[in-house]
Amino acid sequence: MTDLKKNLNLKMIVVDDDKNICRSLGLSLKDTKCVFVSANSVDEAMTKIKENEFDLILTDFKMGGKTGLDLIKEVKVIHSEALIVVMTAFASIENAITVVREGAYDYLPKPFTNDQFLHFLNKIQNLIDLKRENKTLKKPWVRRDFFAGLTSTASRSLEEFVKKMAPMDTTILLTGESGTGKSELAKLIHELSPRALKPFVTVYCTTLTESLLESELFGHVKGSFTGATSDKMGQLQAAEGGTLFLDEVGDLSPTGQAKLLRFLQDKVFQKVGGNEEISVNTRILAATNKDLQESVQEGKFREDLYYRLNTLEVMLVSLRHRKEDLPVYIDRFLKEIKKTKGGLDIPLIPKDVTDKLLNYTWPGNLRELRNTLQRLIMFSQGRSLTLSDLPPVFTQELKLHPANSPYKSLEEVEKSHILALLSLENNLEKSAEILGITKATLWRKRKQYGLI
């Protein structure tokens, strides 16, 4: 690989009605890490641009039908910050100046040699890398200060885990209840890894049908199913060089599980309906609120895939089991709300309201806490809060679990029992045997209750 090729890692589309030019430019990127897509008309290009996000759009100016100028205008409607470069003949410099004024980043005079093309792409690569770096530096405090001020044993242990494992290029499985912050933690792991300046792409496995999910993840070829009017790049390929985060991976279809397993084993995959093997350098992070071991036993999740994903597992402990972190989160979210709402006045939160917030069980965890605080702030309109401002669920929970009640929830009983047994036995294997569960299950329950 030449020096001009070794640093290239662009996702780009070339638009030219001359198929030979598209083919030639594609061949010039052989042995690079670039993802190359071509289109032979503005309409074909727009279809692919709507379905994929490209670092660079390289278009000829003069084509049969719509021109490069038309493409710029259409792209800017849907992607105002898209980086577009126009190829133009020497005799059409005036046209090049026009398209730059219309929003193109630069123009590339024709004809050009292979080395001139690669030099130009290296200039674009430096610009893309700088944009990614600036984007990373501007990312919100909720990830940069993920652990700031947190004092619970569970949070401290999680911080140590992330510091040690984020730089490693291995698959990590994030488990825990909904709303515990798994997606934020995945982004933090990416930002602390050597891949931080490369893409972080999320696929929400619960929001798409089986066929659409596989297409979203692996991409598809034209004609592979009804509605597949053109080739589509999958998110696995879009995350080249960076990290792909599979949120709620337990909802993957059997076919999707098989394809993901093959990628984790061999680092190659095939698009839906395609035969070509595609190789990408992408790290996988996955999250679930399900018990995947139980899903394996029920035949709903592949055991071999589970162990591939479970190279490293970390459980995010629910908020009710680390209440010493609650005051920190309340203060943090109030500052966030003030910032995002344009300096909105944060009302005084009296002690009786604060006590209710601190004693509530927060079944929705951090997501519920953030939404509740935002609701309180918006409804208060700057006045001091009262108990009547709290959502009805607080009153309902008080009736179900009065502060002076002698009864405990099943979770509280289980946590106390495990803690008492461990203090007596001080042996995980024997304690698990007494409880009638496996050592792995006991370990997960200790993580769940913040006992590690």
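Reader: Before we look at the helices, what makes a crossing left-handed or right-handed?
Author: A crossing is right-handed if the near helix is turned clockwise from the far one by less than a right angle, and left-handed if the near helix is turned anticlockwise. Please keep in mind that the structure here is a predicted model.

Reader: Thank you. Which way does α15 pass α17?
Author: The crossing of α15 with α17 is right-handed. Their axes come within 10 Å and cross at roughly 50°.

Reader: How are α15 and α17 oriented to each other, then?
Author: They are oblique to each other. Angles under 35 degrees would count as roughly parallel, and those from 65 to 115 as roughly perpendicular.

Reader: Which residues make that contact?
Author: On the α15 side they are Leu326, Tyr329, Ile330, Phe333, Leu334, Glu336 and Ile337. From α17 come Leu366, Leu369, Arg370, Leu373, Gln374 and Ile377. Sorted by class, the contact has 10 nonpolar residues, 1 polar residue and 2 charged residues.

Reader: And which residues of α15 are buried?
Author: Leu326, Tyr329, Ile330, Arg332, Phe333, Leu334, Glu336 and Ile337 are the buried residues of α15.

Reader: How far apart are the end C-alpha atoms of α15?
Author: They are 21 Å apart. Helix α15 covers residues 326-340, and at 1.5 Å a residue its 15 residues should span 21 Å, so the two values agree.

Reader: Let us turn to α3 and α4. At what angle do their axes cross?
Author: The axes of α3 (residues 42-51) and α4 (residues 68-78) cross at roughly 20° and come within 10 Å. This makes α3 roughly parallel to α4, and their crossing is right-handed.

Reader: What does each helix bring to the contact?
Author: Helix α3 contributes Val42, Ala45, Met46, Ile49 and Lys50, while α4 contributes Leu71, Glu74, Val75 and Ile78. By class there are 7 nonpolar and 2 charged residues, with no polar ones.

Reader: Where is Asp31, and what is its phi?
Author: Asp31 sits in the loop between α2 (19-28) and β2 (35-39). Its phi is positive, about 75°, although Asp31 is not a glycine.

Reader: What about phi at Trp362?
Author: Trp362 also has a positive phi, near 50°, and is a residue other than glycine. Trp362 belongs to the loop between α16 (351-359) and α17 (365-380).

Reader: Is Trp362 buried or exposed?
Author: Trp362 counts as buried because its relative accessibility is 0%, and the cut-off for buried is under 20%. Asp31, by contrast, is partly exposed, with a relative accessible area of 48%.

Reader: What is Arg302 in contact with, apart from its sequence neighbours?
Author: Beyond neighbours within four places in sequence, Arg302 is in contact with Gln257, Ala258, Leu261 and Val296. Arg302 and Ala258 are 44 residues apart in sequence, yet their C-alpha atoms are 8.1 Å apart in space.

Notes:
Residues are numbered from 1 along each chain as its sequence is written. This is a predicted model: local features need pLDDT of at least 70, side-chain atom pairs count only at pLDDT 80 or more; totals for chains, interfaces and linings use all residues. Side-chain values use heavy atoms; hydrogens and water are left out. Helices (H or I, at least four residues) and strands (E, at least two) are DSSP runs, numbered from the N terminus. Buried means under 20% relative accessible area, exposed over 50%, partly exposed in between (1.4 Å probe, protein chains only). Axes are lines fitted to C-alpha atoms, for helices over the stretch in contact, and angles run from 0 to 180 degrees between N-to-C directions. Angles under 35 degrees count as roughly parallel, over 145 as roughly antiparallel, 65 to 115 as roughly perpendicular and the rest as oblique. Contact means heavy atoms within 4.5 Å. Ala, Val, Leu, Ile, Met, Phe, Trp, Tyr, Cys and Pro count as nonpolar, Asp, Glu, Lys and Arg as charged, and the others, Gly among them, as polar. The expected span of a helix is 1.5 Å times one less than its number of residues.
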